[in-house]
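Please find below a short note on the structure shown here. The points are numbered so that each can be checked in turn against the model.

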Amino acid sequence: MSAHTHRVAGHRLPRRDGVGKVTGKHVYAADFKLPGMLYGRVLRSTRAHALIKKIDTSRAAAMAGVRGIITSADIPQIRYGTAVRDTTVFATDRALFTGHAIAAVAATSLEIAERALAAIEVEYEDLPPLFDPEEALKSDIRIHPDWETYKALPIISRNRNIAGQARIRVGDAEAAFAKAHKVYEHRFSTALQHPGYTEPRVATADWDANGIVTVWCNTQLPFDTQTTLAEILDLPAARVRVTVPGIGGGFGGKLRIGVEHFAALLARKTARPVKVMSTSEEELTAALPRQASIVLLKTAVDKEGHLLARSGRIIVDCGAYAGSGPGTAAIALQVMAGPYKTGALAFESIAVYTNKVHSGSFRAPAGPMANFAMECQIDMIAKDLGLDPLEMRLRNVVKEGDPGPSGEIHRSVSIEECLRKAADAIGWHDRNPEPGRGKGIACSWWMTTGGSSGVYVKINPDGSATLVSGAVEIGTGAITGAAQVLAEELSLDLTDINVTGVDTQAAPFDFGAQGSRTTFSVGNACLAAASELRRQMFELAAKQLEAPIEDMKLQDKHVVAGNKSISIAELARISRLAGGGLIAHGTAISPAPAYDPTRVQNHPLPVWNTPSYHAHAVDLSVDQATGKVTINRYVVAQDVGYAINPTYIEGQIEGGVAQGIGQALSEEIVYQDGCVMNANLTDYKMPTAMDVPEIESIIVECRSAAGPYGAKGVGEPPCIEPPAAIGNAIAAATGCWPNSLPMTAEKIAAAMQVQHS
Amino acid sequence: MNRKILNIVVNGESHQVLIEPHWTLLQVLRNEIGMMGTKENCLEAECGVCTVLLDGKAINSCILLAAQVEGCSVTTIEGIGDPEHLHPLQEAFIECGAVQCGYCIPGMILTAKSFLDENPGCRPSRDEIREAIAGTLCRCTGYRKIIDAVATAADRIALSGAKQ
């Protein structure tokens, strides 16, 4: 089937869950309640690093309405975690950051639970804290004194406060530096950023008569949550059922367990359903934000600006637990290589523990941090060499068939097209239209994460189809996209596809709503299921129509063979009577491409699947007195392979850029002496409608071999380039590069002052 | 407990609710009356997802004590349209692709309704819409399609008003 003849895929159709969401009928995890439900709250450490000498819960336990209190002493002593199994439900003998969970209370009302928290007495003995990640690399203080006893993925290389260390090495970087025309070295830093989903993390848990605990929550990864909960509760996975009624945003902040374990443990303790919801303060002090980082980058070029070698190091501050830090740091190495041909690379990533909040996998983990450094440095070099920054990029970008950093081969390459389209749209020929105004450009590449997906698809007696998937619709429109693929293949309308809720007990496995993979992977599983359903329907139709299967096709909700036809609905009814109904299990997995393992060491994601390419261009003005940035225009050219639903692809681009603008200019969880100074949504500054310009999307379609109809991953890339594109535009407008995120007005004004004096 | 009776009209229906003095309007709407379309997040009037109309004006229900709204009329998202009879704003939000996760959308739609009702018949500029909705945070959309939706709905409402 060729894409231009598609009836459903490729069209701007309204999402399947839209009506429920605009009428208030869509049920989110935060809306979920059960009769007799208790409310849980979590007591959090007020110390950044301290021994816990004593926890006295007796006064709280005696309060009317308090039904149960748990601390580390009441639960199985389990350590869990993705890369490193270093995490506990509660602080054990020591608190590792301000906000570390110490105890949890279930009570008949939230107010009583809160009063009970205040009545719990904790005796601490302060330990010397480590807040600075570079200091943590050198210090004799151990945040995890027993780190050697923790289990970890075999690929992860650890040492003392280092939770993970990876390398990519290509060619002889030292030799290239020695004979280069020029060598540049710069240091960049980026800040902790909250994912900013509007629905806080929430879970309601209840245990049934068979000892099965059901958790209604807003996780992006129901199956990962199921496995982790089973470990924490010391149960077989089948006795943990995770279901996601609806989810108010995630952006990677809801990948790993948030409050589900507190709800399940409190429900077990009290034998009552328990709901636990994070407060705003907990979100900003104890959730899973994007790590802060430091990037040191050294680049060698020839006279024409060709990249001869790049070396560098990213230090990712994981906080008190590794979380996704080791993987995030390692991914930065591919981002730092960029969509560029470079003679030699010598990159190292370090994920390090500090006494701050543990962090997670916010959208395109490491993407914006590494890209900010890598792409700002390209502009710095271009300026020094007297080259146009666009021209410098075009001289270095990869072409079809070039090797990537891991030795894989770049395919379906569109980076030049993206750069040229973004530059043309922003009016690149006139880069400084007036004093204090400048234009910037930045580009990147990004993976479509692999992992497997399964779907069940059932044909109903009215001829419609039901799609059962374990993938959560987190708002991106991904499941609508997958449903468009399914409808296309079954000759149905999008409105004929019913999508069930996600339930680990009933749905086939899915790797989860992460890594720009949902439409891609669930879409592929839908292709497989549709193919199997066609086989079933054609076999059944062969008997009914007395026609050969080879002549059959699906058309307008019928199986058609020459001048004979039978409706899908009729076949579904016949199958119900005779064959148990029409149902198919479709599966999909994207195998990793071939690569050269000698280039990549201790890297959990050594090679990227089905990469996408993209470029951003921005036109902005900087107030010469205050340093305030006003974005005049913002253009994105993104290769999506094949646009399954252009409306929601634009939605991903516009939303991702808005988050990137926040990271670039205003967002930072500010720590002082181990305490968060801005744990509320007034002082933690996410962009409002007044701060985001009208983002212009240019959708580029360079088909991939692996995605449905050639699609590539879409969701994460839009937030990668904004800090670099904005940084470069600020430099064009002011002549100085703020090398630390966020690039606040204060920092820009200070840099301008230094320049003038 | 020091409960007292609150008389309140929600979406045109009268309710008599026994409330505690510290309960907010948000708590009463969600926990006592069952209007779950009104969302909760920051509980500090910073994010706007709890916005409802109080006697027609948008307010943050999370910081308004329920006891202060005795005798008032409240409109929630459930009160302006249903799946069979969508309000022009609800229709436009779907059509323009302004809905992603949807958690901020009830508050966003009611904020926009309050704004359009205050300026009957007007076709606001995009900058005016931008300013009107700036009190409600949306992390998914980057706001562009929300502004599209409000502008589309404003046009349709103005047009249908002109016809009448």
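Which domains does the domain assignment of chain A give?

1. The model under discussion is a predicted one. For chain A, the assignment gives domain 1 (3-27 + 450-588), domain 2 (32-127 + 198-249 + 254-286) and domain 3 (292-448 + 595-756).

2. Consider next how domain 1 and domain 3 of chain A meet. Their centres, taken over C-alpha atoms, are separated by 37 Å. Domain 1 of chain A brings 25 residues to the contact, and domain 3 of chain A brings 27 residues. Between them the two domains bury about 1900 Å², with 55% of this on carbon and sulfur atoms. Arg12(A), Ser516(A) and Phe520(A) supply 36% of the area that domain 1 of chain A buries here, more than any other three residues.

3. Arg12(A) forms a salt bridge with Glu650(A), and the closest N and O atoms are 2.7 Å apart. On the side of domain 1 of chain A, helix H13 (478-490) and helix H14 (518-545) are the elements that give two or more residues; H13(A) gives the most, with six residues. That side divides into seven nonpolar, 13 polar and five charged residues.

4. The contact between the chains takes 56 residues from chain A and 49 residues from chain B. Together the chains bury about 4100 Å², of which 56% lies on carbon and sulfur atoms. In chain A, the residues that lose the most area to chain B are Val22(A), Thr198(A) and Glu694(A), together 17% of what that side buries.

5. Eight salt bridges are found across the interface of chain A and chain B. Lys145(B) forms a salt bridge with Glu654(A), with 3.5 Å between the closest N and O atoms. On the chain A side, H16(A) gives the most, with nine residues.

6. Is Val357(A) buried or exposed? Val357(A) counts as buried because its relative accessibility is 2%, under the 20% limit. This residue lies in the loop between strand E15 (344-353) and helix H10 (367-385) of chain A. Its contacts beyond four places in sequence include Phe97(A), Leu192(A) and Tyr671(A). Thr285(A) is 72 residues away from Val357(A) along the chain, yet their C-alpha atoms are separated by 6.4 Å.

Terms used: Residues are numbered from 1 along each chain as its sequence is written. Chains are lettered from A and ligands numbered from 1 in the order in which they are written. This is a predicted model: local features need pLDDT of at least 70, side-chain atom pairs count only at pLDDT 80 or more; totals for chains, interfaces and linings use all residues. Side-chain values use heavy atoms; hydrogens and water are left out. Contact means heavy atoms within 4.5 Å. Buried area is the accessible area (1.4 Å probe) that two parts lose on being put together, summed over both. A salt bridge is a side-chain nitrogen of Lys or Arg within 4 Å of a carboxyl oxygen of Asp or Glu. Helices (H or I, at least four residues) and strands (E, at least two) are DSSP runs, numbered from the N terminus. Buried means under 20% relative accessible area, exposed over 50%, partly exposed in between (1.4 Å probe, protein chains only). Domain bounds come from an automatic or database domain assignment. Ala, Val, Leu, Ile, Met, Phe, Trp, Tyr, Cys and Pro count as nonpolar, Asp, Glu, Lys and Arg as charged, and the others, Gly among them, as polar.
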